Amino acid sequence: MKQSMKWLIAVGVVLLFGCSIINKQLWASQIKEQHKVVEAAPNVYVAPSPDKEGVEGEDIDDDGEIAVDEFDLQQKQKEIRALMARGVSFCANNPMTKICNSLTHSKDFIEGELYLFLLNLKGVIYAHGDREDLVWKNMWDYRDSFGALAVQSMIKTAQEGAGWLTYEWAGSIKVSFVEKVVIEGQEYILGCGYYPHSKKYGAIGLVKGAVGLFNQDVAAGRGIEGAFSTMGYPLSERFIFGDLYLYALDFDGVIKAQGEEQGLIGTNALNRTDAKGKKINKEIIDKLQRKKEGEGVWIEYTSKNALKYAYAEKVKDDKGKYYFIACGYYPEIDRDKTEDLVHRGFQYMKGSGVSLAAKDFTDKAINTYRLGDLYLFVYDMKGKCIAHGGNPSYVGQNHFDAKDQDGVYYVREFIDQARVGGGWVDSKLKNSFQSAYVEKIDMGVDSYVIGAGMFPVNKPETMTLLVKSAVGFLQTHSDEHSFEKFIMRKGEFIRGDLSVMVIDMDGYCYAWGDHYELIWENLMGWKDDQGKPFIKQMIEQVQQGAGHFAYKFNKRLRVTYTELLEKGDKKYLLSSGFYQ
């Protein structure tokens, strides 16, 4: 996979798009060295303080059942603020040696996946609860995948006052709280962060990255056309994550980049209105004119029959001309709405015939069978595309041999699933995970597959789809190549605090995120905070079928999703998880 794909989303976002996993401190009590997550203090961007998204996390019921709900972002922020308060107090009352030892080598400041990091004002890392290999590294000139001077941004933000920041690391969007502390008369930066895995932060991350690219080109004396071209290229692996994409306009309303419809580039959209008469771009420009560069704005409007939120920031070229870069998402799109759209399309195709339905499903000027970024597709039972609302050029092509980014024949899976009554099919497309709902539709002599795909970006969904993606990859590639991909620190199977674990039925570990020291270890005897032999129990449970499993570690509940893969004469348990 290309490096840009290994970055995310999101989405994120994207993203977003959206793309994180197992924390190394998890096993500090089982083995000599602490095994921690792949995150880091760098890649910092200032962003608005996060709002609550989703609903409360779940606990383990008395009967052992696990209800996996949306990740509780507000609760995670509270936990970070509390951990930071303890860290600030500790720094104020102890010498540097004791502080750095506790932050790097003990579990005193480890709560679930949360840890503290400490750096000086020159960008040198003094302590890092997740990565000992970062200690003493000077990251002042560190640039993220978009070229932004991340550590410098973090230090500047902390010096201006404690606050939240959004940045990309380990293939996902991370949100951290940073604060200035004084130790032995010198100023340092203390921080703590988490991975929200949401489209909101996928959108922010895409915009921040594009702003960094634009500013880098301006500072280097390069023309801005190259940056806009990268943002608007529909096949870009840098700024396309699932259904998250970028668009950019100058303050006169002329479109400079459009990741969804390139034909709009060069047209004027200053007075574009939504279904309720809101002048979307004019409102964005008006809001940004009252903001400083680096400060973002949100706007809410209606697009393609659905509520949409867009995040935007302004940039300035070397002649002083202003532009804005934006990314939006549809917060109300879910699996129920995806199924409803397919059902509506099914009825219309049944009543109107294949030709008329295919025209209406494909024509982007007709929004009757669109809901936000949801659209319908139709294939015959041999893989020929009959209609495609996302890419009209696909119509007439045969995609029976088309593979997703894991090498899975996803159109064949659409057909197979439709033949057995319909349902959901998971794949990896546009640098993100897609879940498509499909049904078989009989039209006289011929039969077809009708469906729609969504790109879910939240912690539980990302965890589950990461495992499914790993299962698909291991099925279609050699064991050795798959395990190599699963443990790559900058690979597509590590997304922030989510990663893939692979063990056999005897408890031997073949991969666990970037925990290289765990490979070939036997984990069967490992126990959680309550003395539960959770690895043994996961192995017993997965042989009864795929599902969720929970245990407690580092004072927090950890929820996992596991699947069993039989390959030749081997059986593997594949799992991923997060702390609620």
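## Two exposed tryptophans

Trp 136 is exposed, at a relative accessible area of 61% (exposed means over 50%, buried under 20% and partly exposed in between, with a 1.4 Å probe and protein chains only). Its place is the loop between β3 (125-128) and α3 (150-159), and its phi is near 75°, a positive value in a residue other than glycine.

Now to Trp 520, in the loop between β18 (509-512) and α12 (534-542). Phi of Trp 520 is near 75°, again positive in a non-glycine residue, and Trp 520 is exposed, with a relative accessible area of 60%.

## How α4 meets α5

Helix α4 (residues 199-219) packs against helix α5 (residues 225-232) at an angle of about 160°, with the axes 9 Å apart. The two are therefore roughly antiparallel (a label for angles over 145 degrees), and their crossing is right-handed.

On the α4 side, Ala 210, Leu 213, Phe 214 and Asp 217 meet Ala 227, Phe 228, Thr 230 and Met 231 of α5 (contact is heavy atoms within 4.5 Å). By class, this contact has six nonpolar residues, one polar and one charged.

## The chain and the model

The protein chain has twelve helices and 21 strands (DSSP runs of at least four residues for helices, H or I, and at least two for strands, E). Of its 580 residues, 59% count as buried. The chain exposes about 22400 Å², with carbon and sulfur atoms supplying 47% of that.

This is a predicted model, in which local features need pLDDT of at least 70 and side-chain atom pairs count only at pLDDT 80 or more, while totals for chains, interfaces and linings use all residues. Residues are numbered from 1 along each chain as its sequence is written, and side-chain values use heavy atoms, leaving out hydrogens and water.

Notes. Axes fitted to C-alpha atoms, helices over the stretch in contact; angles between N-to-C directions. Parallel < 35°, antiparallel > 145°, perpendicular 65-115°, else oblique. Left-handed = near helix turned anticlockwise from the far one by under 90°. Nonpolar A, V, L, I, M, F, W, Y, C, P; charged D, E, K, R; others polar. Areas by Shrake-Rupley, 256 points an atom, 1.4 Å probe, with all protein chains shown as cover.
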